[in-house]
Amino acid sequence: MACRRALHAHCRQHNICLQHLSSSVRNSAVNVKKFHTQSALSNKCEFGFLFDIDGVIVRGKKPLPLAKQAFQLLTKDRQFKVPTLFVTNAGNSLRSKKAQQLSEWLDIEVSEEQVVMSHSPLKMFRQFHDKHCLVNGQGPIKEIAQNIGFTHVTTTEELNQQFPNLDKMDHLRRKPAPCAFEEYFPRIDAVILFGEPVRWEMPLQIITDVLLTNGKPCNDLLEIPYPHLPVLACNMDLLWMSEASMPR
């Protein structure tokens with residue numbers, strides 16, 4: 001019975017995430033339509049395109065053969081004839097950075113409004129925007145979080161410095177806290193996973209501690225909280241293809 005309830009809860013959460021993602025794509029499409037209607041080239045178009053990036057346009061950092069030539073069919077004077085969006089599971093960069101990369105790879109003008117990242121749907125999770133969130137991933141994750149609406153974020157690296165006794169794996173990497181104020185550290189309200197970290201062992205330990213202590217890793221584990229703090233996972237992929245011959 002408990003398994004059935006858990007399965008139903010998981011399915012409901014999955015459907016909610018899909019609804020949020022669909023709404024994000026629709027909102028981005030509206031922005032792109034506004035962007036394109038400024039150009040006479042797309043006024044007559046009643047359709048558009050959604051393109052994945054990794055494995056469709058590039059592999060790692062290398063554009064796929066004929067990708068640039070293919071996009072010449074959709075553009076004129078480096079401007080799109082047809083409304084076009086680019087969607088990606090990547091979450092380790094800003095939309096503006098990804099748009100710049102696409103422009104360079106394809107030799108066309110790609111705007112920030114045409115890019116939907118894996119973290120883009122979090123713009124609609126406004127109930128978390130003013131909460132204290134622990135964020136994990138690569139790249140400028142604090143800037144990414146702030147750009148999509150989050151006002152109070154702490155990275156796993158910052159939390160590790162505040163609680164130096166949590167990570168025992170690499171003694172050379174441990175940095176003492178500036179002062180012992182662990183009990184006054186504001187409680188973590190939610191965890192955001194933008195993507196995979198550079199090193200797995202420390203974030204896994206830190207996130208587990210935060211979940212088990214209900215956001216206060218200085219507390220003792222008296223009982224396992226259920227339900228635990230919300231975890232917003234933007235990219236669940238654990239396998240992808242890059243320039244290497246085998247998937248990573």
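Mentor: Of the 248 residues in the protein, 38% are buried (under 20% relative accessible area; exposed is over 50%, partly exposed in between; 1.4 Å probe, protein chains only). This is a predicted model: local features need pLDDT of at least 70, side-chain atom pairs count only at pLDDT 80 or more, and totals for chains, interfaces and linings use all residues. Residues are numbered from 1 along each chain as its sequence is written, and side-chain values use heavy atoms, with hydrogens and water left out.

Now the pairs. Side chains of opposite charge can pair when their charged atoms come close. The structure holds four salt bridges (a side-chain nitrogen of Lys or Arg within 4 Å of a carboxyl oxygen of Asp or Glu).

Start with R78. Its side chain meets that of D107 in a salt bridge, 3.4 Å from N to O. R78 lies in the loop between β4 (75-76) and β5 (79-80), and D107 in the loop between α3 and β7 (115-116), so the pair ties together parts 29 residues apart in sequence. Helices (H or I, at least four residues) and strands (E, at least two) are DSSP runs, numbered from the N terminus.

R78 also meets E109, at 2.7 Å, N to O. E109 sits in the loop between α3 and β7, 31 residues from R78. R78 is partly exposed, at 35% relative accessible area. D107 is partly exposed at 38%, and E109 at 36%.

Elsewhere, K142 and E158 form a salt bridge of 3.1 Å, N to O. K142 lies in helix α4 (residues 141-147) and E158 in helix α5 (residues 156-162), so this pair ties together parts 16 residues apart.
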